[in-house]
Amino acid sequence: PRRGGANSDNTTDLGVSSIRFKDLYLGGGVFLGGTGSANKLDDYEEGTWTPEMGGTTTDPTVSYATRTGKYTKIGRIVHLNFYISISSYSGGSGLSIIRGMPFTAVNEDAVYFYYGGGSSKSIDRGAIQTPSGGRIVLGQDNAGGINFINCSDMVSGGGLIIGNVTYETS
């Protein structure tokens with residue numbers, strides 16, 4: 001912008017606290033806090049996803065009372081939250097997993113859950129594994145490591161798995 005016939009840098013506000021603009025439509029991104037490419041916000045998305053219980057070898061038979069998931073993606077960072085209420089769980093083999101992540105993770109990471117009932121072992125931790133498009137392998141904290149939960153550890157009567165996961169995608 002120009003002020004008094006001269007160029008003026010970083011001096012003009014768009015609106016004020018009591019007189020605001022409603023929406024802003026841009027053909028490109030927004031640079032926040034600087035002009036470098038790392039400061040460009042060009043991707044923001046919110047949505048829902050459906051978490052699904054599975055097994056790494058064969059899938060169990062699962063009846064759900066409720067299962068919901070929401071996500072926010074800002075640039076390459078994805079934040080998921082999910083709520084799975086299981087009515088019944090039977091069979092399956094291998095490790096117990098949650099699949100259906102809306103974006104593929106690029107790195108394997110440890111993730112933490114708020115609560116995980118429904119297993120003969122407490123589910124308090126998991127790990128994102130990148131094979132087959134990404135999945136969350138359920139686990140139990142073990143002095144800085146993870147003891148993974150097998151499908152055979154899951155309780156047939158059901159339970160809850162509630163969690164939040166943040167990871168990087170491409």
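Begin by selecting Arg 99, which at 24% relative accessibility counts as partly exposed (buried means under 20% relative accessible area, exposed over 50%, and partly exposed in between, with a 1.4 Å probe and protein chains only). This is a predicted model, in which local features need pLDDT of at least 70 and side-chain atom pairs count only at pLDDT 80 or more, while totals for chains, interfaces and linings use all residues. Residues are numbered from 1 along each chain as its sequence is written, and side-chain values use heavy atoms, with hydrogens and water left out.

Arg 99 forms a salt bridge with Asp 59, their closest N and O atoms being 3.1 Å apart; a salt bridge here is a side-chain nitrogen of Lys or Arg within 4 Å of a carboxyl oxygen of Asp or Glu.

Next, select Lys 73 and Asp 43, whose salt bridge brings the closest N and O atoms to 2.2 Å apart. Lys 73 is buried, at 7% relative accessible area, whereas Asp 43 is partly exposed, at 24%.

Finally, move to Asp 23 and Lys 22, which form a salt bridge with the closest N and O atoms 2.9 Å apart. Here Lys 22 counts as exposed at 74% relative accessibility, and Asp 23 as partly exposed at 43%. A search of the whole structure finds 5 salt bridges, among them the pairs visited here.
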